[in-house]
Amino acid sequence: MANHDSAVKRNRQNKKRNERNRFVRATVRSAAKKVMVATDAGEKEGITDLLKDAASKLSKAASKGVVKKQTASRKISRLARRVHSLASA
């Protein structure tokens, strides 16, 4: 239990940040999953829009510090590779 006012405030801030980060992580995961499902189904229409959306969300999460920049870059790269392999096939 927090004994000082500053510690109480810090706990409040941490709770708020935790909720926000959890929401951002969930939206990133669902955007990436939409791309994965579309590539598995072989849908070629609209998949580039899904990729742009997922890449945008990943980049924004990386800039906010929710995920590491290298992790976001790796995930964007892998999603793009899947989309482009589907387009070339």
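Contact means heavy atoms within 4.5 Å. The model is predicted, so local features need pLDDT of at least 70 and side-chain atom pairs pLDDT 80 or more, while totals for chains, interfaces and linings use all residues. Residues are numbered from 1 along each chain as its sequence is written, and side-chain values use heavy atoms, without hydrogens and water.

**Exercise 1.** Find which residues Valine 35 touches, leaving out residues up to four places away in sequence.

*Solution.* Apply the contact limit to Valine 35. The residues found are Ile47, Leu50, Leu51, Ala54, Leu79 and Val83.

**Exercise 2.** Describe how α1 is placed against α3.

*Solution.* Start with the axes, which are lines fitted to C-alpha atoms over the stretch in contact, with angles from 0 to 180 degrees between N-to-C directions. The axes of α1 and α3 come within 10 Å and cross at roughly 25 degrees. That makes α1 roughly parallel to α3 (angles under 35 degrees count as roughly parallel, over 145 as roughly antiparallel). Next, list the residues: α1 contributes Ala32, Val35, Met36, Thr39 and Asp40, and α3 contributes Leu79, Arg82, Val83 and Leu86. By class, 6 are nonpolar, 1 is polar and 2 are charged (Ala, Val, Leu, Ile, Met, Phe, Trp, Tyr, Cys and Pro are nonpolar; Asp, Glu, Lys and Arg charged; the others, Gly among them, polar).

Key. Helix = DSSP H or I, 4+ residues; strand = E, 2+ residues; numbered from the N terminus. Parallel < 35°, antiparallel > 145°, perpendicular 65-115°, else oblique.
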